Amino acid sequence: MKASMSEGAAALSVEGLVKRFGKRKALRGISFRVEGGDFIGLLGPNGAGKTTTIKILTGLIKPTEGGVRYYGRDFAAHPREAKRFIGMVPQQSNLDRDLTAYENLYLHTILHGIPKPARKERIEEALEFAGLTEYRDRQVKTFSGGMRRRLVIVRALLHEPRILFLDEPTVGLDPQIRRTLWDLILKVNQVKGTAILLTTHYIEEAEKLCGRVLIINKGRIIAEGPPDDLKREIGRYVLEIFLEDRIEEEFFPSRDEALERLKECDHSCKVREVTLEDVFLRLTGRRINV
Amino acid sequence: MFNGFKGVLYRELSVYRKRARKQILASSLSPLLYLIAFGWSLGRGVSVDGLPYISFLIPGLITMSSLNQSYGIAQELNITRFYFHVFDEYLIAPISHAEIVLGEAAYGMFKGLLSTVLIFVYAVLFGVKLILTPVFFVAILLHTFLFAALGITVAMLVRDHGTQATVNTFVITPMIFLSGTFFPVDKLPYIFKVLVYALPLTYSTKVIRASLTGGAVNLFFVLLLVIFAVLFFTSALWAVRRVEA
């Protein structure tokens with residue numbers, strides 16, 4: 001496998017992806033690169049094209065135009081080779097409800113050709129990692145949403161992928177469970193060194209986890225970079241002016257400048273730090289998930 | 001090697017094991033009702049094609065019942081694909097589409113053969129003598145394979161339960177009733193005869209009945225079954241590919 005990969009090629013490079021569903025254009029030309037060990041967030045509102053992108057990158061659907069390369073090798077031409085080093089956590093659990101946690105993991109080890117002697121140990125390790133050891137022989141239909149999500153994540157890691165895709169991993173979970181999932185995902189990135197591409201429409205999730213975010217809207221990437229850089233571009237501080245019919249926002253590079261302006265303000269005002277959400281709103285002009 | 005085939009079969013059989021008792025019980029009821037209603041009551045003293053009616057009926061019940069089981073995986077596939085997305089786990093794995101089709105087909109064959117064994121038990125209970133020959137085994141394997149492959153094709157093409165039910169009502173049920181399972185197709189009016197001779201069940205029933213009751217087997221019909229098997233395997237493969245459009 002290593003011999004066939006070109007030296008210096010990005011772990012994943014995406015070139016001009018276009019996807020049409022009938023007349024609707026879900027993707028209008030998406031390009032980006034992922035290097036080994038990266039933690040990248042694909043951030044955008046519902047319907048922006050996040051899931052479509054992930055499905056193309058994992059081979060679940062084919063792009064209308066454009067190409068995907070893993071370590072320099074064309075994905076469309078060598079799908080089975082690439083599938084060995086990618087893992088996928090879909091938005092909706094695709095665990096087998098009728099199988100136990102152990103059986104679900106065992107199925108994955110067969111499908112990914114993990115040698116029989118190694119299977120048991122890997123599965124037990126995975127259950128431990130997910131904190132599900134005591135539930136190993138329970139059918140998945142008895143699991144809570146958080147348990148399922150944890151199981152799907154460690155299942156995707158069983159064959160030790162180098163890139164893990166997570167499609168909205170924390171959607172519909174309560175805050176405590178979201179925290180434990182964040183820890184789990186960070187652990188995967190930090191401890192195992194797996195590159196991660198995560199889609200989310202929760203801005204604080206991208207801000208908290210990702211080294212780099214790609215903001216996607218209406219099938220296009222409209223901004224990309226580390227969250228801090230993106231925030232710096234519009235200004236570190238924001239002054240919110242509460243007018244009668246709307247809230248006006250003014251951006252400043254430093255807190256002092258914002259406070260200076262505050263003094264002249266005759267409406268009720270508030271100074272706060274810029275968030276990724278402000279960046280998003282500046283770019284798209286519409287509010288998401290508040 | 002064959003990781004996909006083994007994986008798919010492991011999944012199906014693990015699920016089946018948990019439901020085995022219920023499933024076997026359920027699938028054993030309807031052939032028994034046919035035997036009592038048609039074989040015992042209506043068919044007493046009647047002979048068809050020189051056979052006591054119950055001897056004529058049993059091979060028909062074998063093809064009907066095994067068809068129901070082998071083709072019936074379509075229903076399960078539909079649910080696991082659209083409701084639980086289990087199918088995605090196959091598509092994302094480094095395995096070929098042919099392995100997915102063959103794994104599912106093997107599961108369909110397993111179910112079909114299980115119901116065949118069940119009818120053999122009934123045959124013994126009802127005192128019907130059957131002759132087991134190699135031709136029978138070849139024919140039942142082809143029969144269960146081709147209908148499992150047809151089931152996979154349909155499950156991949158339809159979008160929902162409703163469409164699936166429509167296919168069953170307009171294709172599968174008429175085929176089961178008209179293809180010589182309960183009466184010789186030669187007794188049908190000309191127009192229906194043309195129709196049933198386009199259906200694979202007609203040939204598998206003829207071959208299986210002839211082999212089990214000591215009649216002459218038409219090898220051309222066996223060849224036709226091979227052709228149907230290849231055809232439906234190809235269509236299943238094409239349909240699985242199409243899922244990734």
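## A first look at the two-chain model

With 16 C-beta neighbours inside 10 Å, A:Arg236 counts as partly exposed; a residue is buried if 20 or more other C-beta atoms lie within 10 Å of its own, exposed if 12 or fewer, and partly exposed in between, with C-beta atoms placed from the backbone. This is a predicted model, where local features need pLDDT of at least 70 and side-chain atom pairs count only at pLDDT 80 or more, while totals for chains, interfaces and linings use all residues. Residues are numbered from 1 along each chain as its sequence is written, with chains lettered from A and ligands numbered from 1 in the order in which they are written.

Back to A:Arg236: look for it in the loop between helix H8 (227-234) and strand E11 of chain A. Helices (H or I, at least four residues) and strands (E, at least two) are DSSP runs, numbered from the N terminus. Leaving out residues up to four places away in sequence, A:Arg236 touches A:Lys231, A:Pro253, A:Ser254, A:Glu273 and A:Val274; contact here puts the C-beta atoms, placed from the backbone, within 7 Å. A:Lys263 sits 27 residues from A:Arg236 in sequence and 18 Å from it in space, C-alpha to C-alpha.

E11(A) (residues 237-242) runs antiparallel to E13(A), joined by 6 bridges; two strands pair if DSSP finds at least two bridges between them. In that pairing, A:Val238 stands opposite A:Arg272. E13(A) (residues 268-273) has 6 residues and the number buried is 0, so the strand lies largely in the open.

| Domain of chain A | Residues |
|---|---|
| Domain 1 | residues 1-85 + 161-224 |
| Domain 2 | residues 97-160 |
| Domain 3 | residues 230-284 |

The centres of domain 2 and domain 3 of chain A, taken over C-alpha atoms, are 47 Å apart.

What about the inside? A nonpolar core is a set of buried Ala, Val, Leu, Ile, Met, Phe, Trp, Tyr and Cys residues joined through C-beta atoms within 7 Å. The largest one has 137 residues, and A:Phe165, A:Ile196, B:Val101, B:Leu146 and B:Ala149 have the most contacts inside it. Helix H6 (residues 134-157) of chain B gives the most to this core, 14 residues. Another core, of 5 residues, lies apart from it and includes A:Tyr237 and A:Phe252.

Finally, the two chains meet: the contact takes 22 residues from chain B and 22 residues from chain A. On the chain B side, H1(B) supplies the largest share, 9 residues.

Note on methods: Domain bounds come from an automatic or database domain assignment.
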